[in-house]
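I opened the notebook today to look up a few local features, one after another, and to write down what I found for each.

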Amino acid sequence: MKLKTFLIINLLITSVTGFSATGKDNLDSLIKKGNQKLIAKYFSDKFASTVHLILLDKDGQYNEQEAAIVLEDFFYSHYVLSCTIHPNGGSNNGTQFFKGTLETSDEKFVISYTHRSIGNQLGITGFKIELKT
């Protein structure tokens, strides 16, 4: 029964927001692999010229190339073992919120990001990785 309810809610969210599960699933897969170059492709200037990125002690607005470098530094230092990400709400403008746990070879982190869809393209507008307390 819970699965049926989840599928119905997911279908409603998809039809209302235009959200592509394929794009979100692909993004989750890239995070699990620590593939910073392809993750950075989601920081498209179609959504904003920069993305708000918070990775431990780095906090700022970055363009796609700068964000790729910051992500590369993080994933080079923290080899990803597992990652679980779940929907965490949305807004009227189509922004979706996600939050989860990122386990690496040396630490556990809380990961969260926001994204929006324009047409069939998915774009990240905010991305955060913090130490899990």
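Before the first entry I note the term that it needs: two strands count as a pair if DSSP finds at least two bridges between them. I also keep in mind throughout that this is a predicted model.

Entry one, the hairpin. I looked up strand S1 (residues 51-55) and strand S2 (residues 58-62), and found that they run antiparallel and are joined by five bridges. Within this pairing I located Leu53, which stands opposite Gly60 in S2. I then turned to the hairpin of S1 and S2, where two residues lie between the strands and Leu56 takes a positive phi near 55 degrees.

I looked up the second largest pocket, which holds about 210 Å³ of space. Its lining is made up of 14 residues, and those closest to the centre are Phe98, Ser112, Tyr113, Thr114 and Lys128. When I asked which strands supply at least two residues each to this lining, I found S1, strand S4 (96-104), strand S5 (108-118) and strand S6 (121-131).

Is Gln36 buried or exposed? I placed the residue in helix H3 (residues 36-40), and I recorded Gln36 as buried because its relative accessible area is 13%, where buried means under 20%. Leaving aside residues up to four places away in sequence, I found that Gln36 touches Ala68, Leu71, Glu72 and Phe75.

Methods: Residues are numbered from 1 along each chain as its sequence is written. This is a predicted model: local features need pLDDT of at least 70, side-chain atom pairs count only at pLDDT 80 or more; totals for chains, interfaces and linings use all residues. Side-chain values use heavy atoms; hydrogens and water are left out. Helices (H or I, at least four residues) and strands (E, at least two) are DSSP runs, numbered from the N terminus. On a 1 Å grid over the protein atoms alone, a cavity is a set of points where a 1.4 Å probe fits but cannot get out, and a pocket is an open set with protein on both sides within 12 Å along at least five of seven lines; lining residues have an atom within 4 Å of a point. Grid points are joined across faces, edges and corners, and a volume is the space filled by probe spheres set on the points. Buried means under 20% relative accessible area, exposed over 50%, partly exposed in between (1.4 Å probe, protein chains only). Contact means heavy atoms within 4.5 Å.
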